[in-house]
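Let's take a walk through this protein together, with the structure open beside the text.

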Amino acid sequence: MKRIEREFAGRTLTVETGRMARLAPGSCLVQFGETAVLCTAAVQDRPTHLPFFPLTVEYREKTYAAGKIPGGFFKREGRPGEKEILSARQIDRPIRPLFPEGFMNETQVICNILSADQENDADTLALLGASIALNMSKIPFDTMVASVRIGRIRGTWVLNPTFQQLEYSDLDIVVAGSRDALLMVEGGAVEVPEEEIAEGLEIAHDGIRQLIDLQEELLEGLRQPTMTWEPQGPDAGLQSRIESLAASRVDEAMQIADKSERNEALNVLRDEIEGTLEEEMSDDDWTEARGDVGDIFRDMKRSAMRSQILDEGVRSDGRDLDTVRDISCEIGILPRTHGSALFTRGQTQALAVATLGTSRDEQRIDSIDVQEEISKSFMLHYNFPPFCVGEARPMRGTSRREVGHGALAERAIQPLLPDYDDFPYTIRVVSDVLESNGSSSMASVCGTSLALMAAGVPMKAACAGVAMGLIKEGDRLAVLTDILGVEDALGDMDFKIAGTRQGVTSIQMDIKIEGLTREVMIDALTRARKARIHILDVMDATLAEPKDELSPHAPRITSMQVNPEKLGEIIGPKGKTIRAIQDETGAKIDIEDSGVVKIASVSSEGADRAREMIEAIVQDPEVGRIYEGPVKNTTTFGAFVEILPGTEGLCHISELTHDRVEKTEDVLQRGDITRVKLLAIDEKGRLRLSRRAAVEEEGDKVAEVEAASRG
């Protein structure tokens, strides 16, 4: 066992190995404050036959870590939640490019959160532990990496801020990197300028270097010999033959601007090459070689695209490096939705639809990071159906990619929404990607901004996003604005930046090379801002400000404050009273313990009527006021009239009319609606009513009300 303890970001950081999970090729326990993560790395001894490197990263929260028992019928942890998926992606993306080319042995990294102090997030600790586990194991992974979270509170940069500190921070960004370069950036901000983002990334990198120093000290003398493995790849002779047959035609096909036409040309060429090779080879040789054709074609496409950009400065769709594709925006295209927008940029298209709901529509989240269940009033869900890329494949539920892209777009919009107290709606936006040729998540940001403004949500500013790319060969490099799908797949960087005219609200960077220098990052941020302003100009031409009124199909929500002691009267026995109000008015009523009552109704008349009924319940009887209500019971000495819900008083037989009355039923019968004046309230709280006094003040109105109630 080896253990190192250091002070980091004002708290105690401990890393140890050799005590837990000793049969795993690599394992490490990381503790920061009282949050602890066990990270393991394991590998298969034989390479896979899959056409890709099978790396899986799992990040799993144990509810016992926070002293909780899982909900539900089975009372055990189930499929990973959104936080677990996003954290797993934050580990996967920086380590995946660092495995050696051609290594195809199945590799698995598992990070289990064993203790959660509800102050320190475990996600950044998990990458530190994963890096130690990988580097000490027999797996061919020899680059130390780490991640930190950067925040800024009142102008002061804070490394690994606590959950409580983040509530006062104007940005929350997770940064991963090696000693020499950054590998991943993921987070959000409140309209922070690009130059300040760059400053924060530099401070984060200093923290990363401290964590790498810690790793080097821990791993000294602990590294295992690297396992024996052979790089997997196509036969050199086969590659040379295919290149001689098809290299020039691949170059030509990669210059076709339209994605569908380009793919069709490449598929036709591949079929021809496979036919030629099948004729030249024996059946056994062709069976063995056939699986390598796809990899060779991919390498040829990659080489053709990169050479064209670096040599000529021209991309496959004919654009230069900085031009944004043609954009079109449409709003209100779905008549029954609360807000809709269709955003199209080149061959990427997103349909964003906004729905407004009440507090009962909020998402309930049970997290180990907080003691009590929390609620979420804004949700953005991103869908990527197979037809958007012209494919037919099974739809097996929400993918990790869909969760990640939805979270990225949600972060971009969240800081621009109105305060909940000013706009007490639950908001859900669904972005369905209908066409995809690069940067569909940023198209979702643009479409969502338009859909919300079309729904009448008073956003603080419009938001747009753009994805930047990079092609790097030795000392030659090119930064690309608004990348295509092929430039993402075959390029070296996917750097998404979303924000307003004032600054950045969401950022995500993935690197496929060993890292990115500060100079290249600043250049990409600067170009992205120029592109974002251009996109916002186009969006403003369609809708520059939120609409003044909500959609006629959206609920109108009004709030009223009542005495919390009266809430039981509004609800009634077993909810009888509140259900009756909702059934009569068609409104939805939400009640908070603080005494805030929210009334939601598409019909303003229904909302007004519900408010009147609630006000009648919560108001106290006022002596001298005339009330209207039903006769609940009659006796020989008078009638009991309900003047307020649950509040009755006696109208004595002598107070029914000016004339003498022999029987109460001669004037009022049970079920009649009448009007009475409250004369007095005695020391026991009993109400004395008078129909006669009401007649004196209102004349025939009392008789008219009674006649109407009798039909």
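This is a predicted model: local features need pLDDT of at least 70, side-chain atom pairs count only at pLDDT 80 or more; totals for chains, interfaces and linings use all residues.

Residues are numbered from 1 along each chain as its sequence is written, and side-chain values use heavy atoms, with hydrogens and water left out.

Let's begin inside. Searching the whole structure turns up two cavities of 30 Å³ or more. Here a cavity is a set of points, on a 1 Å grid over the protein atoms alone, where a 1.4 Å probe fits but cannot get out; lining residues have an atom within 4 Å of a point. A volume is the space filled by probe spheres set on the points, which are joined across faces, edges and corners. The largest cavity comes to about 50 Å³, and its lining includes Arg11, Phe32, Asp121, Asp123 and Arg149. By residue class, that lining has two nonpolar, three polar and four charged members (Ala, Val, Leu, Ile, Met, Phe, Trp, Tyr, Cys and Pro count as nonpolar, Asp, Glu, Lys and Arg as charged, and the others, Gly among them, as polar).

The second largest cavity has a volume of about 40 Å³. Among the residues around it are Phe8, Leu13, Leu125, Leu128 and Leu211, and the lining holds five nonpolar, three polar and no charged residues. Helix H2 (residues 123–136) contributes the most to this lining, with three residues; helices (H or I, at least four residues) and strands (E, at least two) are DSSP runs, numbered from the N terminus.

Now for the charged contacts. The structure contains 58 salt bridges, each a side-chain nitrogen of Lys or Arg within 4 Å of a carboxyl oxygen of Asp or Glu. One of them joins Asp366 and Lys68 at 3.1 Å, N to O. Asp366 sits in the loop between strands E14 and E15 and Lys68 in the loop between strand E5 and helix H1, so this pair ties together parts that are 298 residues apart in sequence. Asp366 is exposed, with a relative accessible area of 52%, while Lys68 is buried at 13% (buried means under 20% relative accessible area, exposed over 50%, partly exposed in between, with a 1.4 Å probe and protein chains only).

Asp482 and Arg345 form another salt bridge, at 3.5 Å, N to O. Asp482 belongs to the loop between strand E19 and helix H10, and Arg345 to strand E12, so the link spans parts 137 residues apart in sequence. Asp482 is buried at 0% relative accessibility, and Arg345 is buried at 0% too.

A further pair, Asp540 and Arg501, meets at 2.8 Å, N to O. Asp540 is in helix H11 and Arg501 in the loop between strands E20 and E21, 39 residues apart.

Finally, look at the open sheet of three strands, ordered E22-E24-E23 with antiparallel pairing; two strands pair if DSSP finds at least two bridges between them. E22 and E23 stand at the edges with a single partner strand each, so one side of each is left without a neighbour in the sheet. E23 and E24 are joined by four bridges, and Lys588 has Ala600 in E24 as its bridge partner.

Definitions and conventions
On a 1 Å grid over the protein atoms alone, a cavity is a set of points where a 1.4 Å probe fits but cannot get out, and a pocket is an open set with protein on both sides within 12 Å along at least five of seven lines; lining residues have an atom within 4 Å of a point.
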